Every structure is written in C-alpha cells, then in structure tokens.
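Hello,

Here is the structure for you to look over. My notes on what turned up follow below it.

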Amino acid sequence: MLISFISVNGSPGVSTAALALAWVWPRHAVVAECDPTGGRALSVFDPDGSHGRKGVFELMLQARTMELHRAMSSQLLVLPDGTGRHHLLPGAGSPREADSLDWRRLTSLFLDLETVDVLADCGRFHTRATPAAVLAEADLVVAVVRNCRSSLQTFAKAVDVIREEHGVFDDEGLVVLLADPEPRSHQRYPHGEIGKELGLSVVGALPWDPAGAAQFTDLHRPGRRFETSPLLTHARKTVDEIGRRAMQRMTWLRKPVVNGHVR
C-alpha cells in the first residue's frame, strides 16, 4: 500500500504526520522521504552519522549493480519505536539529487511491497518539482492542512491543480488530515464543517504538541511521556481510518480488467 502525504503551504507538519503515523502503524511500514527539497529525518534519528549515508539516492546507485528490493533493504533505518516493524528510507541529500532520481521506478518498487506499507513524505506540493509518480500512483493522497483560515483557503484553491497535475480525480483518492493550532487559537474550525466546505473527507486531526513533534523534527531524545503524548495519542486514533481508506481504494484500483471491465 502506498500512501502519499503533501501540503500546499509551507509543509505544516507533513514530516511529523508521516513519522508519527508510522510510529503507531499496525503493520510493517516504511516512511519514504520523497520531498523534492531533500530529506531531513536521518539527522533526527542518526545525528552522529553512525549509520553512514543512507537514502533514496544511494538506493538508486546500488540498484545499478543489484536487485532493486535488495538495494532498498540496505538503505533502511529502523525507527526506534521498539517494534522493529517500522523503518525510514531517508530522502535525497539535496534538490539536485532529487531531480536526478527515477521516481517512477521508485514508485513501482513501493507498490510491489506486498507486506509493507509505504508512507511517502512528499513535502510541499509543487506543480513541477513534486515527484509526480509518487502521487499519481498512490493508493491514497493525504493533504496535511493547518486548521486556520489562510491555510484552508490556500488549499481549497489548490485542490483542482493537485487533481489535474497528478491524476487524483476520484473523490476517494484525496483526503485531508488537519493540523490543529494551539487550543487558545481563535482560528480553529470544526472538522465537520471543513470537510463539507472543501468537499473532501477529513480523516483526522493531529493536535498542537511542540514537544512531541520535536522528537520527529529536531532530535529524537524521547522522555517517559512521549508514548502517551497528545501527538501519538491522536495518531493512534487516525491510523485505522487512513489505513482503511487506503486499503479500500487499493483494492478498487488493482482489480483486474477483463474485456474493458473491472472485475
């Protein structure tokens, strides 16, 4: 299953959302950093570089001399969540490296992983720079949107462009994950109203939790309360809905076509 995550204005927590959801994902999962501006998570989980340089760029270099699945296995970093089931595939080291990647081939690899779900962090949506195949071939595209007036307006204007540029035309293929502001904020809208206004399904919301988010964006040095933090608590409430929708759409997308009809 391939689930791609994007934003349209400043990537408000896309990486945090993908990593937090993978942290509590019920199946084997890989967070693949596909942000065209480059990856950052490796420095969070391996700040001293003890695991060496790993990532999608190195994967494609190794794939010149070995089978693609094997090359990917050598580039994964186990996330320290204690399960051994969740991994990170670090992103490119720079936009130049990202531009040189065969994203279509990587997407085919992600789709071939039958027992592993891939959560692709695509960063901020760019009509040209975003790896098109990672969105167009995804079983589900999750847009992470701040729950505030300006972000919701910006996203509403971009929905048609996202659909047209990357082929996410059906109503079930694009959903919204809200990034709620701090509780005292006056720019906070009811989740049900947002879904109706956008004409898209809201699959959940992640709370304002700077301390929890810092474990995925700054340096991973969790305290005793990290596993019960608001961020992970809400992530656990959201993974089932995202997984269910992605599985449902994947089943529909991959039905065999016989004589022009889907069976």
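The axes of helix H1 (residues 14-23) and helix H11 (residues 230-253) come within 8 Å and cross at roughly 80°. Axes here are lines fitted to C-alpha atoms, for helices over the stretch in contact, and angles run from 0 to 180 degrees between N-to-C directions. H1 is therefore roughly perpendicular to H11 (65 to 115 degrees; under 35 is roughly parallel, over 145 roughly antiparallel, the rest oblique). Thr 16, Ala 20, Leu 21 and Trp 23 of H1 meet Leu 231, Leu 232, Ala 235, Thr 238, Val 239 and Ile 242 of H11; contact means heavy atoms within 4.5 Å. By class, the residues of this contact are 8 nonpolar, 2 polar and no charged. Nonpolar covers Ala, Val, Leu, Ile, Met, Phe, Trp, Tyr, Cys and Pro; charged covers Asp, Glu, Lys and Arg; the others, Gly among them, are polar.

This is a predicted model: local features need pLDDT of at least 70, side-chain atom pairs count only at pLDDT 80 or more, and totals for chains, interfaces and linings use all residues. Residues are numbered from 1 along each chain as its sequence is written, and side-chain values use heavy atoms, with hydrogens and water left out. Helices (H or I, at least four residues) and strands (E, at least two) are DSSP runs, numbered from the N terminus.

H1 also packs against helix H10 (residues 210-217), at an angle of about 90° and with the axes 9 Å apart. That pair is therefore roughly perpendicular too. On the H1 side, Thr 16, Leu 19, Ala 20 and Trp 23 meet Ala 213, Phe 216 and Thr 217 of H10.

Strands pair if DSSP finds at least two bridges between them. Strands E1 (residues 2-7) and E5 (residues 117-124) pair in the parallel sense over 5 bridges. Ser 4 has Ala 120 in E5 as its bridge partner.

Last, helix H6 (residues 103-112). Its Trp 103, Leu 106, Thr 107, Leu 109 and Phe 110 are buried (under 20% relative accessible area; exposed is over 50%, partly exposed in between; 1.4 Å probe, protein chains only). They lie on the same side of H6, because they cover an arc of only 155° around the axis, taken from the directions from the helix axis to the C-beta atoms.

Best wishes
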